[in-house]
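Biologist: Hello! Could you walk me through this fold as if we were both looking at the screen?
Modeller: Gladly; let me bring the structure up.

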Amino acid sequence: GGSKDNTDIPTTNLGNISADGISLIDLLISSKLAPSKSEARRLIEQGSVSVNDEKITDLKAVIAAEKLAGDGIIIKKGKKTFHRIKN
């Protein structure tokens, strides 16, 4: 069973993100959830990636910079791998 305790999630602070946001593929690589762009694309195409519990299947998905402010977002790869990303 999994509790919703978010304090032990690995976190990446990205620093300055452009106002246009950042692509989901780049987020997967910078958080080390995917070792390469091709692996990140494969994960997205297979429906293995969700952002804040919302499954993402669009390869061109862009995460807005304002979503990364404050507590940031939580990217989930598969069922058990979580990562928080902040700006």
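**Strands, sheet and two residues**

Modeller: Let me start with a pairing: β6 and β7 run antiparallel and are joined by five bridges. Strands pair here if DSSP finds at least two bridges between them. This is a predicted model, in which local features need pLDDT of at least 70, side-chain atom pairs count only at pLDDT 80 or more, and totals for chains, interfaces and linings use all residues. Residues are numbered from 1 along each chain as its sequence is written, and side-chain values use heavy atoms, with hydrogens and water left out.

Biologist: In β7, what is the bridge partner of Ile75?

Modeller: Strand β6 covers residues 73-77, and strand β7 covers residues 81-86. The two form a hairpin with three residues between them, and Gly78 in the turn has a positive phi of about 70°. Across this pairing, the bridge partner of Ile75 in β7 is His83.

Biologist: Which residue stands opposite Ile75 in β6?

Modeller: Strand β3 (residues 49-51) pairs with β6 in the antiparallel sense, over three bridges. The residue that stands opposite Ile75 is Val51.

Biologist: What is the strand order in the open sheet?

Modeller: The sheet has five strands with mixed pairing. The edge strands, each pairing on one side only, are β1 (11-13) and β4 (54-55). The order is β1-β7-β6-β3-β4.

Biologist: What pattern does the protein chain follow along the sequence?

Modeller: Helices (H or I, at least four residues) and strands (E, at least two) are DSSP runs, numbered from the N terminus. The chain has two helices and seven strands. Read along the sequence, the pattern is β-β-α-α-β-β-β-β-β.

Biologist: Why does the chain count as compact as a globular protein of that length?

Modeller: The radius of gyration is taken over C-alpha atoms, and the globule rule is 2.2 Å times the number of residues to the power 0.38. For 87 residues the rule gives 12 Å, so the chain is as compact as a globular protein of that length, with a radius of gyration close to that value, at 12 Å.

Biologist: How much of the protein chain counts as buried?

Modeller: Buried means under 20% relative accessible area, exposed over 50%, and partly exposed in between (1.4 Å probe, protein chains only). Of the 87 residues, the share that counts as buried is 36%.

Biologist: Is Arg84 buried or exposed?

Modeller: Arg84 lies in strand β7. Its C-alpha atom is separated by 9.5 Å from that of Asn52, 32 residues apart along the chain. At 12% relative accessibility, Arg84 counts as buried.

Biologist: Which residues does Leu14 touch, not counting residues up to four places away in sequence?

Modeller: Leu14 lies in the loop between β1 and β2 (22-23), and it is partly exposed, with a relative accessible area of 23%. Contact means heavy atoms within 4.5 Å. By that rule, Leu14 touches Ile22, Leu27, Ser30, Leu68, Ile85 and Lys86.

Biologist: How far apart in space are Leu14 and Ile56?

Modeller: Along the sequence, Leu14 and Ile56 are 42 residues apart. In space, C-alpha to C-alpha, the distance is 21 Å.
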